[in-house]
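Subject: Structure handover

Hello,

Here is the structure you were going to take over. My notes follow it, arranged by topic.

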Amino acid sequence: MNRQKLTPYLFLIPGSIILGAFIFYPMMRAIWLSLTEYNMIQDAEFIGLDNYETLFQDDLFWQTLMNTFIYLIGVVPALVIVPIFLAVLVNQKVKGIGFFRSAFFVPVVTSLVVAGIAWDWVYKEHGLLNYALELAGIISEPIGWLTSTSTALFAVMVVTIWKGLGYYMVIYLAGLQSIHSDLYEAARIDGANWWQQITRITIPMLMPFILLVSIMSSISAMKVFEEIYVMTGGGPLHSSETLVFFIYNEAFANLNMGYASAAGVILFLLTLILSIINIKFMGKKGNLT
Amino acid sequence: MALTSVNNPKSLSTRLIGVTKKILTYILLILLTLFMLGPFLWLVSTALKSGGENIFQYPPKLIPEQLTFTNFVKVMETFPFWRYLFNSVVVTVFTVFFNVLFCSLAAYPLARMNFKGKNVIFILILSTMMIPFQLLMIPIYIMSLNLGLSNTYAGMILPHITTAFGVFLMRQAFTVIPKELDESARMDGANSFQIWLRILMPLVKPSIVTLIIFTFITAWGDFLWPLIIVSDQDMFTLPLGLNMLSGTFTSDWRLIAAGALISMAPIIIFFLILQRHFISGVMRGAVKG
């Protein structure tokens, strides 16, 4: 009898140990670290909220926070809206559609290091983008997309969007295939055109998936790091540095473990707020919850 | 002729609309494919250009004047591709295996047993989704140093072998299986572990595939954590190795392009073989997750 009562816990042991050791314990440790000064050489020294105070007076911190928000505002709407149209497009039953679905998914499986190298070619001074724009007469002189403070962040945003489109497209594809075709049939009989079908049937029926994509893409935009690290290194002049890049630099380049942890706690709080906003806002619109 | 078109004007015009729609669809699909795969085409072109050809020429040229494979040969001499590939495979295979094992073990009692603290445990597990790894990486790094886990496979693998997403996904899968199956198996003398392994696991194969795909994509492309925990080049995974390669050969773009292509080849081959599973796996994840 006693053994039977124990059984459920036995199944939970391995997973709980991992989550405990690599999430719950580090979480508490991170909060504690954020209240200390610690450089890995000397012992950690408790300094209360000093790190947070310094953080709020640190111009670089505010700049990276600002860059992160710009990133969020630029990337999330594109990743929520464009993949809907891609999904509608590849949901048609035409010949060779499987090839196109896979082609759109290729950027998802390639590593960001490869993607960064490939896009570097597009953005180079003598690269494809400058050539195309000059040909179209939009610019007269090549622009250093990744080396100019006014364009670097936006150039990296395009890569994030490019890499995410296929992934969210597939999520929407799952949503589209769960919509009954009778609905479209009925709408067509009532004389609804293509646009009306999208706005009156597809979008409302996709609402749970739109919420999912909105949460996923905003949380991952909040944590953007790799494309920045690979393509611009945060530069020029910190113009493309984001919050996670700031945390990484403080922790692993400057060994300010306490200070970096404080910035990490801010990242956690922002992610939390963002998810709550998403669920509240989208939940109302999509009649969820 | 004139008569038939008068008799049957609708079918002709609808057919015309149908054909134009199809042509437009294909044009859109091809343009989008160029956008999604274009950067890679450029990598291929550069990697195949010989040393005598100016790769920075303006306007850019896609087709090489003289096809050559020497860049690939040269890069393989300095780029320990097989070593990096081996490391990537070890890290990914173990991460995927343990993640599937631990998540489905933990999900079983949460889906099919009643015990004290069940809801609290489930909510605790789900709450870990809200905590960004970018905050945890600082204490985990300090912890790993103390445990001697830096530059080891274990150090790269351990933090990622249980995820809330995995537990949630597997719990959903176990929940929909009729309870009678457990009961009849128990009558036949099977214990809980046997029921889990022999009866339930085979029934949730599609969800296991989904979890494998998700974990595979993240583990294979992971860059930030290996970047922090690994400094020994013998332990580099493919993204780390390529990142270093592009740092060493800053001047020779042909070699960087060849290296990038070589390092993305395994995942592309793997993806092309299993593309259906990749896409349907992500679709299932979206519906259930």
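What share of the 289 residues in chain A is buried? The answer is 45%. For chain B, also of 289 residues, the buried share is 40%.

Please keep in mind that this is a predicted model. The predictor assigns the complex an ipTM of 0.88 and a pTM of 0.89. In chain B the mean pLDDT is 88, and 96% of the residues reach at least 70. The lowest mean pLDDT among the elements of chain B belongs to helix α1 (residues 2–7), at 47, and the highest to helix α7 (residues 153–157), at 96. Over residues 1–6 of chain B the pLDDT stays under 50, and for that stretch the model has 1 contact beyond four places in sequence.

Chain by chain

Chain A has 12 helices and 2 strands. Its elements come in the order α-β-β-α-α-α-α-α-α-α-α-α-α-α along the sequence. The C-alpha trace of chain A spans about 80 × 75 × 30 Å along its principal axes. Taking the contacts in chain A between residues at least 6 apart in sequence, 70% join residues at least 24 apart.

Chain B has 15 helices and 0 strands. Its radius of gyration is 26 Å, well over the 19 Å from the globule rule for 289 residues, so chain B is more spread out than a compact globule. Along the principal axes, the C-alpha atoms of chain B fill a box of roughly 75 × 70 × 35 Å. Of the contacts in chain B between residues at least 6 apart in sequence, 78% are between residues at least 24 apart.

The contact between the chains

Chain B puts 68 residues into the contact, and chain A puts in 68 residues. On the side of chain B that touches chain A, helix α2 (residues 9–47) of chain B gives the most, with 13 residues. By class, that side of chain B has 55 nonpolar residues, 12 polar and 1 charged.

A helix pair in chain B

Two packed helices are described by the angle between their axes and the distance between the axes. For helix α13 (residues 238–248) and helix α14 (residues 253–273) of chain B, the angle is about 175 degrees and the axes are 10 Å apart. Angles over 145 degrees count as roughly antiparallel, which makes α13(B) roughly antiparallel to α14(B). On the α13(B) side the contact is made by Leu238(B), Gly241(B), Leu242(B), Leu245(B) and Ser246(B). On the α14(B) side it is made by Ile256(B), Gly259(B), Ala260(B) and Ser263(B). The contact of α13(B) with α14(B) has 5 nonpolar and 4 polar residues, and no charged ones.

Backbone points to check

Most residues other than glycine have a negative phi, and most peptide bonds are trans. The following places depart from that.

- Gly235(A) and Pro236(A) are joined by a cis peptide bond, with omega about -10 degrees. Pro236(A) sits in the loop between α10 (226–231) and α11 (243–253) of chain A.
- Met40(A), which is not a glycine, has a positive phi of about 75 degrees. Met40(A) is in the loop between β1 (36–37) and β2 (45–46) of chain A. Met40(A) is exposed, because 12 other C-beta atoms lie within 10 Å.
- Asn151(B), also not a glycine, has a positive phi of about 60 degrees. Asn151(B) belongs to the loop between α6 and α7 of chain B. Asn151(B) counts as partly exposed, because it has 15 C-beta neighbours inside 10 Å.

Is Met216(A) buried or exposed? Met216(A) is buried, because 20 other C-beta atoms lie within 10 Å, and 20 or more is the cut-off for that class. Met216(A) lies in helix α9 (residues 194–222) of chain A. Met216(A) and Tyr25(A) are 191 residues apart along the chain, and their C-alpha atoms are separated by 25 Å.

Met143(B) is in helix α6 (residues 133–146) of chain B. Met143(B) counts as partly exposed, because it has 18 C-beta neighbours inside 10 Å. From Met143(B) to Leu85(B), the C-alpha to C-alpha distance is 27 Å, at 58 residues apart in sequence.

Regards

Key: Residues numbered from 1 in each chain as written. Chains lettered and ligands numbered in written order. Predicted model: local features only at pLDDT ≥ 70, side-chain atom pairs only at ≥ 80, totals over all residues. Axes fitted to C-alpha atoms, helices over the stretch in contact; angles between N-to-C directions. Helix = DSSP H or I, 4+ residues; strand = E, 2+ residues; numbered from the N terminus. Parallel < 35°, antiparallel > 145°, perpendicular 65-115°, else oblique. Contact = placed C-beta atoms within 7 Å. Nonpolar A, V, L, I, M, F, W, Y, C, P; charged D, E, K, R; others polar. pLDDT = per-residue confidence, 0-100. Rg over C-alpha atoms; globule rule 2.2 N^0.38 Å.
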